[in-house]
Amino acid sequence: MVLAELEVRHSRPVAPTRRVALGERHLPVDDPPGSGGILLAAIVGRYSAWMDDEEREDLRELLVEVERGFRITQPRLRHRFQADIVGLGRTRHRLVRLEGDRLRLRTEGEDARPAQHVLAAVYAAAEMPRGPRKVVIETMRRAMRWGGVGSDVELLEFIVASRGMSGATLAAIGDPRTWAMTVLGFDDLPVAEQKGPVDRESVQAQFRRLLRDAHPDQGGTSEGAAERIAELSEARRILLA
């Protein structure tokens, strides 16, 4: 299942001009940063590690300008942003959910410079409304600290942890309400009721009941208790938001 997607259009590495543009994109930011923000931050985390110190410093300045909604002067990171995609190469980045709620990054396409991927992610964030944009930009900043050591799975986990989010938050990305309904045991309700508002008292009561079942002091197993409690807390937050 594809949760978020960004198509980067770019000049080829051998081309005399350095260009970047945005192609098709699907970047949800519900409950920011959302699956779209996670994907953009992962792109920045992955490719900024391959850029030199001067480019990384320019990137930090660009993030400030985008966060504040300033007009972006060109070129940036030695590349010029354009709307026209004719003659440009194509690379597609996706955040996908596999069986077992595992999230993975998928990238396919032509060769491009690291700066081209990063710039496309930042320009995509610039299109977002101010509120979600600020959260996404801050998530990008945190992703820059990753350093490029490890797998894409570890990168996603780093992004989540660096935002103070739990593994439960990562599992909820894409369709947080359905996930929360399932965690708190409301998934056996009729479909119409699942889509509508859930009574706050019912959510609190179900949360407290399941919390007692999960807590080691109340007879629950200690193995996996912390993760289960984090899931229940995140599910309650989503349904009561």
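Here is a short chat about how this predicted model is put together.

Me: Before we start, what kind of model is this, and how are residues numbered?
Reply: The model is predicted, so local features need pLDDT of at least 70 and side-chain atom pairs count only at pLDDT 80 or more, while totals for chains, interfaces and linings use all residues. Side-chain values use heavy atoms, leaving out hydrogens and water, and residues are numbered from 1 along each chain as its sequence is written.

Me: How many helices and strands does the protein chain have?
Reply: Helices (H or I, at least four residues) and strands (E, at least two) are DSSP runs, numbered from the N terminus. Counted that way, the protein chain has ten helices and five strands.

Me: What share of the protein chain's residues is buried?
Reply: Buried means under 20% relative accessible area, exposed means over 50%, and partly exposed is in between, using a 1.4 Å probe and protein chains only. Of the 241 residues in the protein chain, the buried share is 46%.

Me: What percentage of contacts with a separation of 6 or more comes from residues 24 or more positions apart?
Reply: A contact means heavy atoms within 4.5 Å. Among the protein chain's contacts with a separation of 6 or more, residues 24 or more positions apart account for 65%.

Me: What is the strand order in the open sheet?
Reply: Two strands pair if DSSP finds at least two bridges between them. The open sheet has five strands with mixed pairing. Its edge strands, each pairing on one side only, are β3 and β5 (103–109). Read across, the order is β3-β2-β1-β4-β5.

Me: In β2, which residue is the bridge partner of R9?
Reply: Strand β1 covers residues 2–10 and strand β2 covers residues 19–26. They pair in the antiparallel sense over five bridges. In β2, the partner of R9 is A21.

Me: Do β2 and β3 run parallel or antiparallel?
Reply: Strand β3 takes in residues 80–81 and is joined to β2 by two bridges. In one of these pairings, R19 has R80 in β3 as its bridge partner. The two strands run parallel.

Me: How many bridges join β4 to β5?
Reply: Strand β4 spans residues 89–97 and runs antiparallel to β5. R94 has R106 in β5 as its bridge partner. The number of bridges joining β4 to β5 is seven.

Me: Which residues of α3 meet α1?
Reply: On the α1 side, the residues are L40, I43, V44, Y47 and S48. Their partners in α3 are P114, H117, V118, A121, A124 and A125.

Me: How far apart are the C-alpha atoms of V136 and P32?
Reply: V136 is found in helix α4 (residues 130–143), and at 0% relative accessibility V136 counts as buried. Leaving aside neighbours within four places in sequence, V136 is in contact with V29, P33, G37, L40, A125 and M128. P32 is 104 residues away along the chain, yet the C-alpha separation is 7.1 Å.

Me: Is R46 buried or exposed?
Reply: R46 is found in helix α1. Not counting residues up to four places away in sequence, R46 touches H93, L105, T107, W146, D152 and L155. With 13% relative accessibility, R46 counts as buried.

Me: What is the relative accessible area of R78?
Reply: R78 lies in the loop between α2 and β3, and has a positive phi of about 70° although it is not a glycine. L77 lies in that loop too, with a positive phi of about 50°, and is buried at 4%. R78 is partly exposed, with a relative accessible area of 41%.
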